[in-house]
Amino acid sequence: EKRKKEILDIFPEICEDVFNPKAEGIGSYNKHFASTWKKAFYAKFGSDGKKLSTMDMKTFLNNVAGMVSKMNENMEPHGTSNMKLSKFSTWLVDFDQSNLPVNQYIEK
């Protein structure tokens with residue numbers, strides 16, 4: 001029951017971070033990813049996390065493996081190592097740590 005509550009508590013934040021194509025500072029690749037995979041993710045795990053919270057580990061792993069396989073097949077370009085950082089995060093491209101006071105860091 002504790003596990004279920006934890007999943008339901010964090011699920012909206014995960015969805016916002018991964019599937020919001022209008023989030024500030026995300027690049028074109030992440031916008032495309034969000035719009036392409038949101039529907040499939042919600043179909044597997046529920047739009048509110050309830051399917052995920054009741055899923056056993058074997059079903060979860062099978063669902064994730066199936067989605068990752070499809071994502072890898074459809075990834076354009078094939079691999080991300082040659083893509084510009086701006087495709088992923090316009091915020092990170094503009095980040096300049098020298099603007100922060102000494103000993104101040106971004107939280108992980």
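The model is predicted, and its chain contains five helices and zero strands, so that the order along the sequence reads α-α-α-α-α. Of the 108 residues in the chain, 21% are buried.

**Overall picture**
- Where contacts link residues at least 6 apart in sequence, 59% of them join residues at least 24 apart.

**Helix α1**
- Helix α1 covers residues 2-19, a run of 18 residues, and spans 26 Å from its first C-alpha to its last, which is close to the 26 Å expected at 1.5 Å a residue.
- The helix bends by about 35° at Ile 10, and a proline, Pro 12, follows within four residues.
- Ile 7, Phe 11, Cys 15 and Phe 19 are the residues named as buried in α1.
- An α-helix has 3.6 residues a turn, so residues three or four places apart point the same way.
- The cover over the buried residues of α1 includes α2 (28-45) and α3 (50-53).

**Nonpolar surface patch**
- Leu 85, Trp 91, Leu 92 and Val 93 make up a nonpolar patch on the surface, and together they have about 360 Å² of accessible area.
- One of these residues, Val 93, belongs to helix α5, which runs over residues 90-94.
- Val 93 has a relative accessible area of 42% and is therefore partly exposed, since that class lies between the buried limit of under 20% and the exposed limit of over 50%.

Note on methods:
Residues numbered from 1 in each chain as written. Predicted model: local features only at pLDDT ≥ 70, side-chain atom pairs only at ≥ 80, totals over all residues. Heavy atoms only, no water. Helix = DSSP H or I, 4+ residues; strand = E, 2+ residues; numbered from the N terminus. Buried < 20%, exposed > 50% of the residue type's maximum accessible area, 1.4 Å probe, protein only. Contact = heavy atoms within 4.5 Å. Expected span 1.5 Å × (residues − 1). Bend = angle between axes of the 7 residues up to and from the residue. Patch = residues over 30% accessible without salt bridge, like charges linked within 9 Å, V, L, I, M, F, W, Y side chains within 5 Å. Areas by Shrake-Rupley, 256 points an atom, 1.4 Å probe, with all protein chains shown as cover. Salt bridge = Lys/Arg side-chain N within 4 Å of Asp/Glu carboxyl O.
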